[in-house]
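Subject: Structure for your review

Dear colleague,

Please find below the structure I wished to hand over to you. My findings follow it, and I would be grateful if you read them with the structure open.

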Amino acid sequence: LSLVLKRCSYVLTPVPGKGVRVLEDVDVGIDGGVIDCIGSCSGEHRIDCRGRAAIPALGNAHTHAAMVLLRGFDDDHELFDWLRNVNAAEKLLTRSDVYFGTVIACVEMAMGGVGAFQDMYFYPDAVVEAAERVGLRVCTGPIAGLQSVRDVASWIKDSRRRPLLKPLINAHSLYALEDDVLEEVFEVSRELGVDVHIHVSETRDEVAMSRKRFGYPPIEAMERRGWLSDRVIAVHLNWVTSWELEYMARRGARAVVCPSSGAKLAVGSFAPVYEMMGRGIAVGLGTDGACSANRINMLDEMRNFVLLYRHNYWDTRVKAEHAFVAATYGSYRAMGLRGGVIDVGYPADVAVLRLDHPCTFPPTRRRILSHIVYSANPFTCVEYTIVGGRIVWGPERREELTKLVEEAEARVRDFVQRCDELMELHTS
Ligand SMILES: [Zn+2]
């Protein structure tokens, strides 16, 4: 089926290496899941995009999607105490909880303009099924350490034919895994040519632990052990050093930052994203789980990307265009997916934003990028999310997805209640 986004008031797209391009009053044509025309296009199905902006669908490059079940569960502890409480609750999770939790998260993400996400959680089969049910792309795999690395490898080999899935190895962190497991993780990654998605240098404590155990901060430890490569997706990097950025740039390792999550967990720093981008490191953006960040809202993350950098580094060098590039092209690149760009030949992952809400006033060409990064609200602005040419969010899917969420909410009620009882016990 071919689809035309007719007369978009604006089309915003990253131009790799050159910032953001804004086109005015053009059509975007989609055929066979790919963008095949920009300008004056024709096709069977048309969407009137006057008063609207088309942008690349956003990439949420780090989530624990089913953690929407733990949203608001424990908002006020520091990271290691928080992790302890979360781990206790997660012991109660069933596969069905993860499936329905991920469904709810996927609907929330689709409604917020997200086309692809990278996930680390239990029951990855359930995560993939939920993503497929809603229609989002997903990068995920089993968590090494919970399963043997050989089992992780066979899961990956068995999952290669699912069109919306890019399988990878999830490794929680250096601090959560023993040396022999880590060795095996990076060996299998090399053998199969698959990515390793891992939390790195999130907190100062973690860096201190790494110095004690390896003699070096985490990225340097990975470099010295021969683990750092272009298959590594390092998430957080709030406390990374300048020389570690050199190692990352040299090896082609990719970065994902989660500004809201880090600020809420009081990690006390933010990744040097300007310096990363300047070295050519792929920098993607993620929300992290809803238990730390509460909102899985990528428009928020763009805004916080700029705010936290400026707040931490006393410098206004990071601008709206950096955040926009990170949330689109940067996230897709960090996930190892082609996309995040509106141009002929790219996968048709596109979001359409309405510009008639007071929060995007005045919608002029000069200000449109600023509005999208700093003031747009996803649930009033995002009218369509399109993934591979298919409408996954839009007026025609509202009823279906509302019913799907209602069903999911009923199916997870037990788990939610048991978690609340657990915290009552803990705090009384
Ligand atoms: Zn995380």
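In which loop is the place of N294? In this predicted model, N294 sits in the loop between β14 and α11. Its phi is positive, about 65°, although N294 is not a glycine.

The zinc ion has as its protein donors H62 (NE2), H64 (NE2), H199 (NE2) and D288 (OD), which lie 2.1 to 2.5 Å from the ion. Along the sequence, these donor residues follow the spacing H-x1-H-x134-H-x88-D.

The geometry of the site is irregular, with angles of 83 to 171° among the 4 donor atoms. Four donors count as tetrahedral if all angles lie between 85 and 135 degrees; the range found for the zinc ion runs from 83 to 171°, and the site is therefore not classed as tetrahedral. Please bear in mind that water is not among the atoms, so sites may look incomplete.

Helix α11

Helix α11 has 16 residues and spans 22 Å from its first C-alpha to its last, close to the 22 Å expected at 1.5 Å a residue. N297 caps the N-terminal end of α11, with a side-chain oxygen 2.9 Å from the backbone nitrogen of L299. The buried residues of this helix include M298, L299, M302, F305, V306 and L308, and also the charged residues D300 and E301. After α11 comes W314, with a positive phi near 50°.

Helix α2

Helix α2 (residues 95-111) has 17 residues and reaches 24 Å from first C-alpha to last, close to the 24 Å expected at 1.5 Å a residue. Of its 17 residues, 14 are buried, so α2 is largely enclosed by the rest of the structure. Just after α2, G113 adopts a positive phi of about 85°.

The largest pocket

The largest pocket has a volume of about 750 Å³. It is lined by 34 residues, of which N87, E90, F122, I143 and H172 are the closest to its centre. Helix α1 (residues 79-90) supplies the largest share of the lining, 8 residues.

F361 and P362 are joined by a cis peptide bond, with omega about -5°. P362 is in the loop between β15 (350-354) and α13 (368-374). A266, a residue other than glycine, has a positive phi near 55°, and its place is in the loop between α9 (259-264) and α10 (273-278).

Finally, L404 lies in helix α15 (residues 398-427) and is buried, with a relative accessible area of 9%. L404 and R133 are 271 residues apart in sequence, and their C-alpha atoms are 9.6 Å apart in space.

With kind regards

Note on methods:
Residues numbered from 1 in each chain as written. Predicted model: local features only at pLDDT ≥ 70, side-chain atom pairs only at ≥ 80, totals over all residues. Heavy atoms only, no water. Donors = N, O, S within 2.8 Å, 3.2 Å for Na, K, Ca; no water. Tetrahedral: all angles 85-135°; square planar, octahedral: opposite > 155°, others 65-115°. Helix = DSSP H or I, 4+ residues; strand = E, 2+ residues; numbered from the N terminus. Expected span 1.5 Å × (residues − 1). Buried < 20%, exposed > 50% of the residue type's maximum accessible area, 1.4 Å probe, protein only. Polar contact = N/O pair within 3.5 Å; in protein donor to acceptor, adjacent residues only side chain to side chain. 1 Å grid on protein atoms, 1.4 Å probe; cavity = no way out; pocket = protein on both sides within 12 Å on 5 of 7 lines; lining within 4 Å. Points joined across faces, edges and corners; volume = space filled by probe spheres on them.
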